[in-house]
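User: I would like to learn how to read a fold from its coordinates. Please take me through one case, feature by feature.

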Amino acid sequence: MPLHKTLTVNNHAKALIWKIDEPFEELSKGVFLTDENQQRVNGMKSDLHQRGFLSVRHLLKEIGYTDNDLVYDEYGKPHLKDGNFISITHSFIFSAIIISTEQPVGIDIEMQRDKIVKIAHKFTPIEEYKSIANHDALVSKLTIVWGAKESLYKIYGKKKLRFLENIYIEDFSFDTNETTGKILYEGETSDYDIRFLEMEGFTCVYAY
């Protein structure tokens, strides 16, 4: 299908979401990959990963970019050659990008799964959520927290941050669809706005 959703973040940033229901052959049409990325796609063993990779290139095309405009640094963080900021995510049937002309941004999509409850203690103080009696609500909230921390991790762009110690997400209400977060590292604190939405059993979170 075409573009699933476009989200206006602010005057200089927007996010785009693609629902991946096309076969690989259809997604291959209309996008041109660099030789390096073509080899990368050819080497992927999973059809799901191949289609996710190509869907991101369709999202780039939606905003006037090509595969050749995207480069990755030594940490695997994507950058645009023109200096604009970008973040990319892919999870099963959804992919998304967020782009800003003025400031770093991060985005993450996660499938809502029960196992998030079992691993929650690894990325957030789980005692903060013990008052949530409804299991589905707990899964939903923890998935948002994980996605928010992942988004901030992508903004930072290096592999030294620890989700439990270095990234903090302010408590929030589902009704507001937004919260704030902090990166606390080496004596410095950076503050970010965070928004989230849920769709078809998935959670999309983006930070700026």
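User: Which residues have the most contacts inside the largest nonpolar core?

Analyst: Bear in mind that this is a predicted model. The largest nonpolar core holds 26 residues, and F123, L142, L152, I167, I169 and I194 have the most contacts inside it. Helix 5, strand 8, strand 9, strand 10 and strand 11 are the elements that give two or more residues to this core. Helix 5 provides the largest share, nine residues. Apart from this core lies another one of 21 residues, which includes L33, M44, Y65 and I99.

User: What does I194 touch, leaving out residues up to four places away in sequence?

Analyst: I194 is in contact with A148, L152, I169, N177, E178, T179, T180, G181, V205, Y206 and A207.

User: Which residue caps the N-terminal end of helix 5, and which residue follows the helix?

Analyst: The N-terminal cap is N134, with a side-chain oxygen 3.0 Å from the backbone nitrogen of D136. After helix 5 comes G157, which has a positive phi, near 80 degrees.

User: Is S151 buried or exposed?

Analyst: S151 belongs to helix 5, which runs over residues 135-156. Its relative accessibility is 0%, so S151 counts as buried, the cut-off being under 20%. A polar atom of the S151 side chain lies 3.5 Å from the backbone nitrogen of D108. Leaving out residues up to four places away in sequence, S151 touches G106, I107, D108, V205, Y206 and A207.

User: In what order do the five strands form an open sheet, and which are the edge strands?

Analyst: Strands of a sheet pair through backbone hydrogen bonds, either parallel or antiparallel. Here the five strands take the order 7-11-10-9-8, with antiparallel pairing. Strand 7 (106-111) and strand 8 (167-169) are the edge strands, each pairing on one side only. On average, neighbouring strands of this sheet are turned by 25 degrees against each other, direction ignored.

User: How many bridges join strand 7 to strand 11?

Analyst: Six bridges connect strand 7 with strand 11 (residues 202-207), and the two run antiparallel. The bridge partner of I109 in strand 11 is C204. Helix 5 packs on this sheet, touching strand 7, strand 8, strand 9 (178-185), strand 10 (188-199) and strand 11. The direction of helix 5 makes about 145 degrees with that of strand 7.

User: In what order do the four strands form an open sheet?

Analyst: The order is 1-2-6-5, and the pairing is antiparallel. The edge strands are strand 1 (3-10) and strand 5 (85-91). Neighbouring strands of this sheet are turned by 15 degrees against each other on average, direction ignored. Strand 1 is joined to strand 2 (residues 13-19) by six bridges, the two running antiparallel. N10 has A13 as its bridge partner in strand 2. Helix 3 (residues 47-62) packs on the sheet, touching strand 1, strand 2, strand 5 and strand 6 (94-100), and its direction makes about 35 degrees with that of strand 6.

Note on methods
Residues numbered from 1 in each chain as written. Predicted model: local features only at pLDDT ≥ 70, side-chain atom pairs only at ≥ 80, totals over all residues. Heavy atoms only, no water. Buried < 20%, exposed > 50% of the residue type's maximum accessible area, 1.4 Å probe, protein only. Polar contact = N/O pair within 3.5 Å; in protein donor to acceptor, adjacent residues only side chain to side chain. Contact = heavy atoms within 4.5 Å. Pairing = 2+ DSSP bridges. Axes fitted to C-alpha atoms, helices over the stretch in contact; angles between N-to-C directions. Core = buried A, V, L, I, M, F, W, Y, C linked by side-chain atoms within 4.5 Å.
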